Amino acid sequence: MSNAPDNSGRRKFLTLTTGVVGAIGAAAVAVPFVKSWSPSEKAKAAGAPVAVDISKIQPGQLIRVEWRGKPVWVVSRTQKVLDELSTLDDKLRDPASEQAQQPDYATNPLRSLKSEIFIAVGICTHLGCSPTYLPDSFSEQVEGVESGFFCPCHGSKFDMAGRVFQNVPAPLNLVIPPHYYVSESQIVIGLDKGDA
């Protein structure tokens, strides 16, 4: 047994102080750790919707924009191209776009909201290469088809609605990103109209 005087008040004070200092230290470590789970401003900006002005796009022209770090194509299709699309079903793997590669509003033969404008993620569904747009020489790849997309990595071929041809490595049609028209000349890529 100790002869030291019992100082329970001091013991309580030291215990309480140690607990408070420990809690402050834990919070100082936890806050940056938890904050690191949040995406950076750069990451937030990369995933943000992209506004595209299509007022100056010419018939047959393709413009590229970046959304979520991926190339997105916006193509102005000519009437000749639109007429040709309806004749290709027997050459395509998924002509009716039954696989979920597009929003519901783009589940149609043209895979678009407006027939003359086609929007797709420009990445091959085989191994992620970026196909080449061939506006007037695609017939070298598929006889009788003037325009389309050819993936030089492994030879996959897509029509002007992003539908994959049969007997190529790509298993699926090109992905159609969510998008909507703000006006006749402005598209937002990355959001559906209901999300805006």
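Helices (H or I, at least four residues) and strands (E, at least two) are DSSP runs, numbered from the N terminus. This is a predicted model, in which local features need pLDDT of at least 70 and side-chain atom pairs count only at pLDDT 80 or more, while totals for chains, interfaces and linings use all residues. Residues are numbered from 1 along each chain as its sequence is written, and side-chain values use heavy atoms, with hydrogens and water left out.

Two residues other than glycine have a positive phi, and both lie in loops: Ser97 is placed between α3 (79–85) and β4 (117–121), with a phi of about 55°, whereas Arg68 is found between β2 (62–67) and β3 (70–76), with a phi near 55°. Their accessibility is given below, where buried means under 20% relative accessible area, exposed over 50%, and partly exposed in between (1.4 Å probe, protein chains only).

| Residue | Relative accessibility | Class |
|---|---|---|
| Arg68 | 51% | exposed |
| Ser97 | 1% | buried |

Turning to the sheet, three strands form an open arrangement in the order β5-β6-β7, with antiparallel pairing. Because β5 (132–134) and β7 (157–158) stand at the edges, each with a single partner strand, one side of each is left without a neighbour in the sheet. Two strands count as paired if DSSP finds at least two bridges between them; β5 and β6 (residues 148–150) pair in the antiparallel sense over three bridges, and Thr132 stands opposite Phe150 in β6. In general, strands of a sheet pair through backbone hydrogen bonds, either parallel or antiparallel.
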